[in-house]
Number of protein chains: 2
Amino acid sequence: MRDFTFQNATKVIFGRGAEEAVGAEAAALARKVLLHYGGGSVKRSGLFDRVVASLTEAGVDVVELGGVKPNPRLSLVEEGIALCRRERVDLILAVGGGSVIDSAKAIALGVPADGPLWDFFEGRAKPGEALPVGVILTLPAAGSETSPVSVITNERGLYKKGFRNALLRPRFALLNPELTFSLPAEQTRAGAVDMLAHVMERYFTNERDVELTDRLCEATMRTIVANLPRALTDPENYAARAELMWASTVAHCDLLDTGREGDWASHKIEHELSALYDVAHGIGLAVVFPAWMDYVVDHDPSRFAQFAHRVWDVEPDFFDPGRTAREGIARVVAFLRSCGLPTTLQELAIGDDRFDEMARKAVESGPIGAFVPLGESDVRAILERCR
Amino acid sequence: MRDFTFQNATKVIFGRGAEEAVGAEAAALARKVLLHYGGGSVKRSGLFDRVVASLTEAGVDVVELGGVKPNPRLSLVEEGIALCRRERVDLILAVGGGSVIDSAKAIALGVPADGPLWDFFEGRAKPGEALPVGVILTLPAAGSETSPVSVITNERGLYKKGFRNALLRPRFALLNPELTFSLPAEQTRAGAVDMLAHVMERYFTNERDVELTDRLCEATMRTIVANLPRALTDPENYAARAELMWASTVAHCDLLDTGREGDWASHKIEHELSALYDVAHGIGLAVVFPAWMDYVVDHDPSRFAQFAHRVWDVEPDFFDPGRTAREGIARVVAFLRSCGLPTTLQELAIGDDRFDEMARKAVESGPIGAFVPLGESDVRAILERCR
């Protein structure tokens, strides 16, 4: 087990009507908020009006900025920064999923910054402060609601990059599973893959003696695997929606990292995919992750066999652990397909013509992945397995 | 699943040499600390001197108060409060296990308070503030290092009572598994029972649809069960000590409570036992918990069967889940005994002469337990099963 520091101070309010706490939570931090969101669904559902009413009642002024898209763009972030400076906003409130939250975090980071925001993402500058961020979650997936990470796409060159700093961790996160009843099946399944992938990135580690975190990871993965089909069959099943929503947060709150090092190569490869083709992150992960597994399984068949047995109920073959390991990967693919997810690029109508470009960009800061460090030719080989 | 609020802001620094961070962490919060500890072992081991050196180097002044005993006493807490007021201490640093931490929290609570400290524990007053608390953990057991609870024994009447308030949650906790290498087997096993009991109290709930927290509880229990024997056989096994230490914190950090209600009757019955007989808390729990299980198993054989199967690898008897359930309890008892723990009062040389008194005191504020609410006669019946 590795040495570690763990601290996650986000206040989570979870359950029916959780969003009603927004006025009180915001008023404790700010006098004027930027209400940041994506498309029109938060307005059509009436959520927007309820949030504004709660804030107004608590004496908090509201400025709004919608239009966040999946793979949130730097240009909108820059627009938000200018707006917040002009309006003297002192809290960024994200109402939406991971893209909205990541965009809100980037705005919060940029408002008090002197230089260009992208310098933080490129590692050329370090922030001294950021505005506080609050969240009303409508799409459980990214785990951004308690994480200190923001992932932004810079349209100038189609770069998608993440930035991690404790300043970005939301101060509060309001999680009401009922708000997810109306999610389209497509977003429900893509979100579940994203959370599953967050756990798998952590699970595949070379660190020994990480029993508790292995088991906590397995607990979280089993819960996601059990509840995604229930939520797809019965979208208004509170129990299933609640399990998925809480699992999305637990998956990415840093607890499952403690004592170990994650891999994150699949995420980086998928970032290239969604930067070029604007694929939803979870959908891209459904294609990339099994291909990555297939490519690296021989590096540690024991770990893959444990994953297969404990998460996917594969009976162990003690004479051939590799067989158990490969059966686990087959079960992952079968599960994704049974939930209506694509597992090949062909299904996304993506050809092989830009494999070289993606492979080159994925490793341009050096090899990716900690479980098995991957170079350009490895990434290309994984993309070949994604066809 | 129940609605909940979850926030645990304690900064955990975990690993080899973690205690060396004490100077920097304390200096960020205070200019003068009360170094609070139990017996002489922290001095004999050299830990005390290392802590004082780190604090002094960071420019933090030190006042010391040792002498905390298991089931920490109100009289020493009151002595600590007077000392801190006199010396203008602004941080209480607990170096020890749960008793020392609980005593430190009570001092932190009492220093700025106007009225008698015990009023908080009796529910007659609410605190507005408390001094910050920091922890260097030497005995993984109580989980007090990130919990907002303090349990104190009032010698005037031998009352043992807990008080919960977010103000009591430690600001930092430094966890070095190497500091536990020298723990006597007796404390290692009693500590493990305490942490196991913290999870079991949460596990046995009437709340439905708590799959993720069920599984996180099972992950934590399996880890404790796997690693206690390793630590007893090989006290300097870093991996086993680290798993136990991190499990003690995870068990009691409130995450395993999310969405459900714990029972806590066994803890309350044990509190009566240790108030009267000064039994170590974990030892008392090893006696009381199986007796409680035996008394309440028929209330929900399905939950006990799940516990038996998922934590203790009992093969399910689908025709008779009650048989699976009872086999799980038998495995708990067998495990405790195999680790050298007593499971009867007879082994502790405690007779039945004060059963009535304990049963009466346990329920004097009303029935105890949420899974099965227990009255005086129920508590007496459980004590009978402890003989």
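Y238(B) belongs to helix 9 of chain B, a helix that covers residues 238–251. In this predicted model, Y238(B) is classed as partly exposed because 16 C-beta neighbours lie inside 10 Å, whereas a buried residue would need 20 or more and an exposed one 12 or fewer. Leaving aside residues up to four places away in sequence, Y238(B) touches P177(B) and E178(B). Between Y238(B) and T10(B) there is a separation of 228 residues in sequence and of 24 Å in space, taken from C-alpha to C-alpha.

The report now turns to the two chains together. Contacts between them involve 32 residues of chain A and 32 residues of chain B. On the side of chain A that touches chain B, at least two residues each are supplied by strand 1 (4–14), helix 8 (211–233) and helix 9 (238–251) of chain A. Helix 8 of chain A provides the largest share of that side, with 10 residues. The table gives the make-up of the side of chain A that touches chain B by residue class.

| Class, side of chain A that touches chain B | Number |
|---|---|
| Nonpolar | 16 residues |
| Polar | 7 residues |

Strand 1 of chain A and strand 1 of chain B, the latter comprising residues 4–14, run antiparallel and are joined by 7 bridges. Which residue in strand 1 of chain B is the bridge partner of F4(A)? The partner of F4(A) there is F14(B).

Conventions:
Residues are numbered from 1 along each chain as its sequence is written. Chains are lettered from A and ligands numbered from 1 in the order in which they are written. This is a predicted model: local features need pLDDT of at least 70, side-chain atom pairs count only at pLDDT 80 or more; totals for chains, interfaces and linings use all residues. Two residues are in contact if their C-beta atoms, placed from the backbone, lie within 7 Å. Helices (H or I, at least four residues) and strands (E, at least two) are DSSP runs, numbered from the N terminus. Ala, Val, Leu, Ile, Met, Phe, Trp, Tyr, Cys and Pro count as nonpolar, Asp, Glu, Lys and Arg as charged, and the others, Gly among them, as polar. Two strands pair if DSSP finds at least two bridges between them.
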